[in-house]
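Subject: Structure handover

Hello,

Here is the structure I promised to pass on to you.

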Amino acid sequence: MTSFSPAELGSRIGSGLLSFPVTHFTADLAFDEDAYRAHIDHLARHDVGGLFAAGGTGEFFSLTPDEVERVVTAAVQAAPAGTPILAPAGYGTRTAIELARAAERAGAHGILLFPPYLTEAGQEGLAQHVEAVCRATSLGVIVYSRANAVYTADTLARIAENCPNLIGYKDGVGDIDAMTRIHTRLGERLTYIGGLPTAEMFALPYLELGVTTYSSAIFNFLPEFALEFYGAVRGRRHDTVVKLLNDFVLPYTAIRNRQAGYAVSIVKAGMTAVGRTAGPVRSPLTDLTPAELAELTALVEGLPHPKAG
């Protein structure tokens with residue numbers, strides 16, 4: 001099995017498109033491991049910088065700790081050698097540490113640390129939380145800044161100094177002022193990842209702030225489209241980016257915005273639209289309505305090669 005040092009992982013994920021594979025469920029909402037393994041193999045055969053198993057789009061919030069380990073193990077075993085698989089950690093500090101250790105047992109190459117569950121915390125508490133998780137694992141750790149865990153440049157600089165295996169910062173806030181301060185302060189010490197819902201919407205302006213990659217949910221069901229978009233962003237081909245936004249991303253986000261939680265649900269609907277169903281979402285999320293699925297399917301079929309994925 002290929003392994004990556006934290007530094008190697010940071011360099012690898014910063015040089016290509018990332019994605020959160022959906023987690024496949026059966027009709028009765030059990031983990032459909034065979035279908036999931038086939039999906040991971042399919043995605044990893046494209047030119048991808050890394051895959052976040054059981055992440056946000058993979059419904060981490062709905063999985064038990066045992067299920068998380070099963071999903072991550074399946075992803076590691078199904079992906080071709082050399083594909084970085086990153087596992088989730090989150091909730092309270094002790095649970096996050098347990099999940100980080102489970103990620104090592106599963107053979108994951110790195111960890112994405114989600115915000116702590118529910119409670120708000122100051123910068124000192126957030127720093128202690130991240131440092132405790134980093135100390136508990138030899139894997140490279142990426143912090144996900146969003147919701148109740150928004151890190152300042154000073155806090156990230158402190159954690160980076162204390163934790164050599166902190167390798168990345170994933171932004172789910174969209175605060176350009178904060179992103180500028182963070183990148184100016186830490187420079188190349190971290191890999192910067194765009195993590196806003198439907199990250200393609202922010203990819204081009206964020207590139208100018210040092211955010212060289214992002215996690216594409218669309219990659220799940222339209223990998224060729226997602227890679228074309230990523231290539232246009234990295235090549236600063238503005239006309240192509242605008243065309244692809246108008247052709248698909250903007251109308252796609254219009255459907256996504258109709259219901260809270262649709263940022264995940266619409267990805268599973270996209271899987272159905274291209275004939276690679278991943279089953280329903282788990283509550284508290286809800287699936288797209290039949291009319292919305294039909295609308296999304298028509299949108300996908302309007303692309304030049306909608307079934308290529």
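Let me start with a right-handed β-α-β unit made of S4, helix H5 (residues 123-135) and S5. Right-handed here means that, with the strands pointing away from the viewer, the path from the first strand over the helix to the second runs clockwise. Helices (H or I, at least four residues) and strands (E, at least two) are DSSP runs, numbered from the N terminus.

A word on provenance: this is a predicted model, in which local features need pLDDT of at least 70 and side-chain atom pairs count only at pLDDT 80 or more, while totals for chains, interfaces and linings use all residues. Residues are numbered from 1 along each chain as its sequence is written, and side-chain values use heavy atoms, with hydrogens and water left out.

**The sheet**

The strands form an open sheet of 8 in the order S1-S2-S3-S4-S5-S6-S7-S8, with parallel pairing; two strands pair if DSSP finds at least two bridges between them. At the edges are strand S1 (18-19) and S8, each of which pairs on one side only.

Strand S4 (residues 110-113) sends Gly 110 and Leu 112 one way and Ile 111 and Leu 113 the other, and all are buried (under 20% relative accessible area with a 1.4 Å probe, protein chains only; exposed is over 50%, partly exposed in between). In a regular strand the side chains alternate between the two faces of the sheet.

On one side, S4 runs parallel to strand S3 (residues 85-89), joined by 4 bridges, and Leu 86 stands opposite Gly 110. Between S3 and S4 the chain passes through helix H4 (residues 93-106), and this β-α-β crossover is right-handed. S4 also runs parallel to strand S5 (residues 140-145), again through 4 bridges, and here Gly 110 faces Gly 140. S5 in turn pairs in the parallel sense with strand S6 (residues 166-171) over 5 bridges, where Ser 145 has Asp 171 as its bridge partner.

How large is the largest pocket? Its volume is about 790 Å³. Among the 28 residues that line this pocket, Gly 56, Phe 61, Phe 114, Arg 146 and Val 264 are the closest to its centre. The lining divides into 19 nonpolar, 7 polar and 2 charged residues (Ala, Val, Leu, Ile, Met, Phe, Trp, Tyr, Cys and Pro count as nonpolar, Asp, Glu, Lys and Arg as charged, and the others, Gly among them, as polar).

There is 1 cavity of 30 Å³ or more, and the largest cavity has a volume of about 60 Å³. Its lining includes Gly 194, Phe 202, Tyr 206 and Thr 213, and has 7 nonpolar, 3 polar and no charged residues. Helix H8 (203-207) and strand S8 (213-214) each supply at least two of the lining residues.

Grid points are joined across faces, edges and corners, and a volume is the space filled by probe spheres set on the points.

**Two residues to look at**

Thr 191 lies in strand S7 (residues 191-194) and counts as buried because its relative accessibility is 12%. Its side chain reaches the backbone oxygen of Gly 10 at 2.8 Å. Val 241, in helix H10 (residues 238-256), counts as buried at 3% relative accessibility.

Best wishes

Note on methods. 1 Å grid on protein atoms, 1.4 Å probe; cavity = no way out; pocket = protein on both sides within 12 Å on 5 of 7 lines; lining within 4 Å. Polar contact = N/O pair within 3.5 Å; in protein donor to acceptor, adjacent residues only side chain to side chain.
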